[in-house]
Amino acid sequence: MLEINDLHVQYPKAKEHALSNLNLSFQKGEFVCILGKSGAGKSTFIRCINGLQRPTSGAVIWKEKNIFHLKEEQLRKVRVEMGMIFQHFNLIPRLSVYQNVLTGMFGKRPPWKNLFGIFSKEEKNLAVKMIENVDLTGHKDKRVEALSGGQKQRVAIARALLQNPKVFLGDEPVASLDPGTANRIFSLLQSIHNEYDLLTIINVHDVILAKQFATRIIALRDGVVVFDDIPDNFTDEV
Ligand code: ADP
Ligand code: ADP
């Protein structure tokens, strides 16, 4: 479904590579956790998958095409198929939960249409449904700045789902949450993963969460894959 071929990333001025010749293949239905210490290359890897980061060389093959050879308009469509959530949520603080979730539609439209901000009845109903899916119905009209961290991440999940993604990406989505909240967010991601039949790829630094939820663990060290197998075979020494 998704292929990573000889992916190599060297940031300008950096002495060492951030990622070194990664070759990986992902299938629909896999719930992948990427483990690794700070600086291992996890974030760089996730951002390459949806084209937010251009590699120095190598390819990300999605629907039989290298996404880095696509025109901007085509790449935009690929990004819509890949919902993403972030450590710091990337929400608009002064807008309501409902308004933030609706911004998930922006990726689907050419920019000039966004200015008018008119959403169809269908789109509005979908936003309400997604808010329900993440258990925030009672908070629909609150500004997101008034919510807890866990609630904010659930808003971001609902927003990503509005794109009707095939792939769900997370760049340390629970790194700023307490352990109980982090666990509930992973449970939610797991049920969404199953309900929408997704490929899910999430960076996490917590081995316990990865072992509990992943179907596959990939560990990175200094930009190289040092483990790629089922969670049962993972030991902390890797
Ligand atoms: P992780 O997500 O595992 O912490 P990153 O992908 O953020 O790792 O970083 C991998 C390596 O690339 C690190 O050595 C980091 O310092 C470096 N790096 C990340 N982003 C940049 C950047 N924008 N410019 C230069 N170096 C970077
Ligand atoms: P935080 O822990 O940061 O305050 P959460 O989003 O984890 O935020 O929780 C907000 C409220 O929603 C809490 O009262 C919690 O018990 C409840 N909650 C969170 N996740 C679920 C869930 N999956 N099912 C039912 N209630 C939940």
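In this predicted model, an oxygen atom of ligand 1 sits 3.0 Å from a polar backbone atom of G41, a polar contact being a pair of N or O atoms within 3.5 Å. The backbone of S43 also takes part, with an N or O atom 2.7 Å from an oxygen atom of ligand 1. T44 uses its side chain instead, placing a polar atom 2.5 Å from an oxygen atom of the ligand. The residues around ligand 1 are Y11, A18, K37, S38, G39, A40, G41, K42, S43 and T44, where a residue counts as near if one of its heavy atoms lies within 4 Å of the molecule.

Residues are numbered from 1 along each chain as written, while chains are lettered from A and ligands numbered from 1 in written order. As the model is predicted, local features need pLDDT of at least 70, side-chain atom pairs count only at pLDDT 80 or more, and totals for chains, interfaces and linings use all residues; side-chain values use heavy atoms, leaving out hydrogens and water.

A side-chain N or O atom of D135 is 3.4 Å from a nitrogen atom of ligand 2. Oxygen atoms of the ligand are approached by G150, through a backbone N or O atom at 3.3 Å, and by T181, through a polar side-chain atom at 2.7 Å.

G150 and T181 turn up again where two helices meet. The axes of helix α6 (residues 149-161) and helix α7 (residues 179-196) come within 10 Å and cross at roughly 15°. Angles under 35 degrees count as roughly parallel, so α6 is roughly parallel to α7. In this contact (heavy atoms within 4.5 Å), G150, Q153, R154, I157 and L161 of α6 meet T181, I185, L188, L189, I192 and Y196 of α7. By class, seven of these residues are nonpolar, three polar and one charged.

What is the angle between α5 and α7? Helix α5 (residues 121-133) packs against α7 at about 130°, with the axes 12 Å apart. The contact of α5 with α7 has three nonpolar, one polar and two charged residues.

How values were computed. Axes are lines fitted to C-alpha atoms, for helices over the stretch in contact, and angles run from 0 to 180 degrees between N-to-C directions. Helices (H or I, at least four residues) and strands (E, at least two) are DSSP runs, numbered from the N terminus. Angles under 35 degrees count as roughly parallel, over 145 as roughly antiparallel, 65 to 115 as roughly perpendicular and the rest as oblique. Ala, Val, Leu, Ile, Met, Phe, Trp, Tyr, Cys and Pro count as nonpolar, Asp, Glu, Lys and Arg as charged, and the others, Gly among them, as polar. A polar contact is a pair of N or O atoms within 3.5 Å; within protein, one must be able to donate a hydrogen and the other to accept it, and residues adjacent in sequence count only if both atoms are side-chain atoms.
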